[in-house]
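Please keep the sequence and the three-dimensional view at hand while reading.

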There are 2 protein chains.
Amino acid sequence: MAYTKQLSPSEIVKVAMEMVEREDTEGISLRAVASALGVKAPSLYRYFSTKNALEMAVAEGVLRSMYTELVCAGAQPDPETRFKEMAVAYLRFARTRYALYSFLMQGRLHGAYGSQAGKEVWNLLLESASQISGRPDDTSAAVATWSFLHGYATLEHAGGFGKSGPHGGLELGLRAFLDGFANRQSDNAKL
Amino acid sequence: MAYTKQLSPSEIVKVAMEMVEREDTEGISLRAVASALGVKAPSLYRYFSTKNALEMAVAEGVLRSMYTELVCAGAQPDPETRFKEMAVAYLRFARTRYALYSFLMQGRLHGAYGSQAGKEVWNLLLESASQISGRPDDTSAAVATWSFLHGYATLEHAGGFGKSGPHGGLELGLRAFLDGFANRQSDNAKL
DNA sequence: GTCTATATGCGGATAGAC
DNA sequence: GTCTATCCGCATATAGAC
C-alpha cells in the first residue's frame with residue numbers, strides 16, 4: 001500500500017496560505033506547496049487542474065479569514081464605533097498578515113469577486129458605511145472607505161510614509177469620512 | 001571596429017520603461033530589455049551592476065514622469081481647484097500608465113523614497129493639502145489624500161468595484177477631505 | 001493517489017574571447 | 001564595449017510506471 005497519502009483540497013489551500021504568510025512571498029510555487037505537504041508537485045494536479053485554480057482557492061481563503069475578523073470587530077451597537085473598529089480591524093489584518101493580504105489584492109481580487117466570501121466582506125463594509133451616512137446601500141461611501149483603507153495599508157507597508165510616519169493621517173481621514181458621509185448635499189456632485 | 005554600440009544608462013532606463021508599459025508586466029527581464037536595445041543581456045552589466053540597480057533607476061524615472069504631470073495639473077490659483085486637479089491628474093497617470101505606476105508602488109517605493117524625484121512628488125502633494133487645511137506642512141492631510149488616491153487607483157484597476165462601479169465614491173471622498181481638512185478640531189484626535 | 005522522469009520554458013549572473 | 005558560451009536555478013505541466 002504505497003502512495004496512500006490522501007490529500008484534500010482544503011488541506012492544500014491551508015498549507016498554501018501558511019506558506020504565503022511564512023515566506024512573505026506573493027507567488028506560490030507548486031513544488032514548495034507540495035514539499036510542505038510531504039508530497040511531490042505533480043500530485044497536486046489531482047486536486048487543482050492548474051496553478052491558477054489553486055491561487056483562486058487561496059484568495060477565497062484569505063477573504064474568509066478577513067471576514068471572520070471584520071465580523072468580530074463590527075459587533076458594536078454604536079454605528080461610529082462600529083465603523084472605526086472595523087477600519088482598525090481591516091488595517092490590523094493587512095498589517096499582521098500582509099503577504100496574504102497582498103496576495104489577494106494583487107490581481108486575484110477580480111477572480112475572487114464572485115465568491116461568497118467576497119460578497120460577504122463587501123457587504124460588511126457597505127452596511128457599516130451606510131449606517132454612518134443614513135442612506136441604504138451607500139456604495140459611494142463604501143467605495144471611498146475601502147479605497148482609503150486599502151491605500152493606507154499598502155503605502156504603510158511599502159514605507160511610503162517615510163521617516164515622518166503617517167502623522168495622524170489615518171485618524172484625520174476617518175474623521176473626515178464620518179463627518180462627510182452624513183452631511184453631504186447631493187449624490188452626484190461632480191468634480 | 002566591431003562591438004561599438006555604445007549604450008547609456010538613460011537610454012537603457014528609457015527602453016525599460018517603454019517595455020514595462022507596453023508589455024503590461026510588473027517584472028523586467030534583462031534579456032528582454034537588452035533585446036529591445038539590439039544588444040545581449042551581459043552588456044547591460046556595464047551600466048547597472050545588478051538587476052535591482054536598473055529597477056531603482058526605472059522607479060525614479062516613473063516618479064519623474066509623475067512629477068511632470070502633477071506640476072502641470074497643479075498650476076491653478078484656487079487651492080480647491082488645484083487640489084482637485086492634482087487628484088484627477090494622479091488618477092489619470094495611474095490609469096493610463098498603470099503598469100509603470102504599479103511597478104513603482106509594488107516594493108520599489110521604499111528604494112525610490114530618497115530620490116530627488118520622490119521628494120518632489122511628495123512635496124507637491126503636501127503643499128496642496130496644506131493649502132486646503134491652512135496648516136503649513138500638514139503631513140496628516142497629505143497622508144490621508146495619498147492613501148485615498150492610491151487605494152482608489154489600485155482597486156479600480158483590480159476590478160474591486162465590481163459591476164456596480166465606484167458610484168461617485170471618488171467625488172464623495174475628495175469632498176469629505178476638502179471639508180474635513182479645514183474644519184478639524186485637534187491635531188491628534190485618537191481613535 | 002502518488003511517484004519518477006522529462007519536456008519546455010523562463011530568469012540572473014559570470015568568464016573569457018574579440 | 002559587446003560578444004558567445006555557460007552555470008545554475010526556478011517554474012508549470014504531462015506521460016506513464018507503481
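## A contact between two chains

Which residues in α8(A) meet which residues in α9(B)? The model examined here is a predicted one. From α8(A), the residues involved are A:Ser140, A:Ala141, A:Val143, A:Ala144 and A:Phe148. They meet B:Gly169, B:Leu172, B:Gly173 and B:Phe177 in α9(B). Sorted by class, this contact of α8(A) with α9(B) contains six nonpolar residues, three polar residues and no charged residues.

Two packed helices are described by the angle between their axes and by the distance between those axes.

## Chain A as a whole

Chain A contains nine helices and zero strands. Its pattern along the sequence is accordingly written α-α-α-α-α-α-α-α-α. Along its principal axes, the C-alpha trace of chain A spans about 70 × 40 × 35 Å.

Chain A has 191 residues, and 51% of them are buried. Contacts in chain A can also be sorted by separation in sequence. Among those between residues at least 6 apart, 70% join residues at least 24 apart.

## Two helices within chain A

How do the axes of helix α4 and helix α5 of chain A cross? Helix α4 of chain A consists of residues 79-96, and helix α5 of chain A consists of residues 98-105. Their axes come within 5 Å and cross at roughly 100°. The helices α4(A) and α5(A) are therefore roughly perpendicular to each other.

On the side of α4(A), the contact is made by A:Tyr90, A:Phe93, A:Ala94, A:Arg95 and A:Thr96. On the side of α5(A), it is made by A:Tyr98, A:Tyr101 and A:Met105. The residues of this contact of α4(A) with α5(A) divide into six nonpolar, one polar and one charged.

## The surface near DNA strand C

There are 19 residues around DNA strand C, and those that come nearest are A:Tyr3, A:Gln6, A:Lys40, A:Ser43 and A:Arg46. The residues of this surface near DNA strand C comprise ten nonpolar, four polar and five charged. Of the atoms of DNA strand C within 4 Å of the protein, 61% belong to sugar or phosphate, and the rest belong to bases.

Individual atom pairs show both kinds of partner. A polar backbone atom of A:Leu7 is 3.0 Å from a phosphate oxygen of DNA strand C. In A:Tyr47, a polar side-chain atom lies 2.9 Å from a phosphate oxygen of DNA strand C. For B:Arg31, an N or O atom in the side chain is 2.8 Å from a base nitrogen of DNA strand C.

## The surface near DNA strand D

DNA strand D is surrounded by 19 residues, of which the closest are A:Arg31, B:Gln6, B:Lys40, B:Ser43 and B:Arg46. By class, the surface near DNA strand D has ten nonpolar, four polar and five charged residues. Sugar or phosphate accounts for 64% of the atoms of DNA strand D within 4 Å of the protein, and bases account for the rest.

Is A:Thr154 buried or exposed? A residue counts as buried under 20% relative accessible area; A:Thr154, at 6%, is therefore buried. This residue lies in helix α8 of chain A. Leaving aside neighbours within four places in sequence, A:Thr154 is in contact with A:Tyr98 and B:His150.

B:Arg108 lies in the loop between α5 and α6 of chain B, and is buried with a relative accessible area of 10%. Beyond neighbours within four places in sequence, the contacts of B:Arg108 are B:Glu26, B:Glu55, B:Met56, B:Ala59 and B:Phe103. B:Arg108 and B:Glu55 are 53 residues apart along the chain, and their C-alpha atoms are separated by 7.8 Å. B:Ser115 is placed in the loop between α6 and α7 of chain B, and is buried with a relative accessible area of 10%. With neighbours within four places in sequence set aside, B:Ser115 is in contact with B:Glu60 and B:Leu63.

Terms used: Residues numbered from 1 in each chain as written. Chains lettered and ligands numbered in written order. Predicted model: local features only at pLDDT ≥ 70, side-chain atom pairs only at ≥ 80, totals over all residues. Heavy atoms only, no water. Contact = heavy atoms within 4.5 Å. Helix = DSSP H or I, 4+ residues; strand = E, 2+ residues; numbered from the N terminus. Nonpolar A, V, L, I, M, F, W, Y, C, P; charged D, E, K, R; others polar. Near = heavy atom within 4 Å. Polar contact = N/O pair within 3.5 Å; in protein donor to acceptor, adjacent residues only side chain to side chain. Buried < 20%, exposed > 50% of the residue type's maximum accessible area, 1.4 Å probe, protein only. Axes fitted to C-alpha atoms, helices over the stretch in contact; angles between N-to-C directions. Parallel < 35°, antiparallel > 145°, perpendicular 65-115°, else oblique.
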